[in-house]
Amino acid sequence: MTTQGVMPPDATLRQILQWGTIQLEKGDVPDASLDAWYLLEHVTGLTRADYFLRQDEVCSEVCCSRFAEVIRKRADRIPLQHIIGVQEFMGLPFRVSEHVLIPRQDTECLVELVIPIVEGNRVLDLCTGSGCIGISLAKLGKPVIVHGVDISEEALSVARENADVLQAEITFWQSDLFENVTEIYDVIVSNPPYIPPDVIESLMPEVKMHEPRMALYGGMDGLDFYRRIATEAEKVFGNEGSIFLEIGCEQGDDVKNIFTLAGYHNVQIHQDLTGKDRVVQAYYCR
């Protein structure tokens, strides 16, 4: 547990924000000042404008105590999103917990590619986690139907809550990839586990200590799920269909080869906003 300094007595909002920033810096938390602000906003409900108007007001004892507690958690490298409980994705607020991956901007690249494709189609979201991909497609695209599956019942509970809050037309159920999937789809989309064990150990503490290992670990080379999807997807396609998969930035050629050798057509690699390989798209035809 991170050792913290003592918050000054009768501290103003400005002083506790400064104090929180210092504690996070001591804990080597990236973007310490920004995270301190998000935690103050979470505890107080203040907007930026409110804060600047009231920054010299003395903070209440209850507020100071709550702020000190969330700062302690963040200094211990518990993810900010787990503390505040929400992460924005595609402009939508998604509840998160230790049972799901925190939605990331990289994955928005996948969703943006798929949105124009889903209109009038049936969509399956594999390894749905928080449901951020499937729900975003249901809300922002015009699919006929969207289904989401995950092996984790805890993750599915989070996904269902997100669908309820966001009023998204999507159905979830438990399945190890295609194991319990019996319907036919036009589009498959997924952000599967793709990280090898040696890379997991090199990740930031927020990820390797607090995000679910089953959502990260993709086998010894990180490619196990892509091999399974390439082999098993034909059971849920009709005469044709498309697959869109998020990948690690160094896995583009390997994943492309897996789908090409499995008989898929027009296999393409798409880059994210930083120019790194991020999505593989493949077309299936019987």
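Contact, as used here, means heavy atoms within 4.5 Å. The structure is a predicted model, in which local features need pLDDT of at least 70 and side-chain atom pairs count only at pLDDT 80 or more, while totals for chains, interfaces and linings use all residues. Residues are numbered from 1 along each chain as its sequence is written, and side-chain values use heavy atoms, with hydrogens and water left out.

Helices (H or I, at least four residues) and strands (E, at least two) are DSSP runs, numbered from the N terminus. Two strands pair if DSSP finds at least two bridges between them. An open sheet is built from 7 strands in the order 5-4-3-6-7-9-8, and its pairing is mixed. Strand 5 (171-174) and strand 8 are the edge strands, each pairing on one side only. From one strand to the next, the twist averages 20 degrees. Strand 7 and strand 9 run antiparallel and are joined by 7 bridges; Leu-245 has Val-280 of strand 9 as its bridge partner. Helix 12 (residues 252-261) packs on the sheet, where it touches strand 7, strand 8 and strand 9, and its direction makes about 165 degrees with that of strand 8. Such angles run from 0 to 180 degrees between N-to-C directions, and the axes are lines fitted to C-alpha atoms, for helices over the stretch in contact.

Strand 8 (residues 265-271) and strand 9 (residues 277-285) are also antiparallel, with 5 bridges between them. Within this pairing, His-270 stands opposite Val-279. The two strands form a hairpin with 5 residues between them, and Gly-275 in the turn has a positive phi of about 85 degrees.

A nonpolar core is a set of buried Ala, Val, Leu, Ile, Met, Phe, Trp, Tyr and Cys residues joined through side-chain atoms within 4.5 Å. Buried means under 20% relative accessible area, exposed over 50%, and partly exposed in between (1.4 Å probe, protein chains only). The largest core has 32 residues, of which Leu-124, Phe-178, Ile-188, Tyr-226, Ile-243, Phe-259 and Tyr-264 touch the most other members. Helix 11 gives the most to this core, with 4 residues. Apart from its neighbours within four places in sequence, Phe-259 is in contact with Tyr-226, Ile-229, Ala-230, Ile-243, Leu-245, Tyr-264, Val-267 and Ala-282. A second, separate core comprises 27 residues, including Phe-89, Leu-92, Leu-110 and Phe-172.

Rings of Phe, Tyr and Trp (its six-membered ring) pair if their centres lie within 6.5 Å; planes under 30 degrees apart count as stacked, over 60 as edge-to-face and the rest as tilted. The whole structure contains 7 aromatic pairs. The rings of Trp-19 and Phe-67 form a tilted pair, because their planes lie at 55 degrees, with the centres 6.4 Å apart. This pair links distant parts of the chain, since Trp-19 belongs to helix 1 (residues 13-26) and Phe-67 to helix 4 (residues 61-75), 48 residues apart. Trp-19 is buried at a relative accessible area of 8%, and Phe-67 is buried at 0%. The rings of Tyr-264 and Tyr-284 are likewise tilted, with centres 5.7 Å apart and planes at 55 degrees. Tyr-264 lies in the loop between helix 12 and strand 8 and Tyr-284 in strand 9, so the pair ties together parts 20 residues apart in sequence. Phe-237, Phe-259, Tyr-264 and Tyr-284 form one aromatic cluster.
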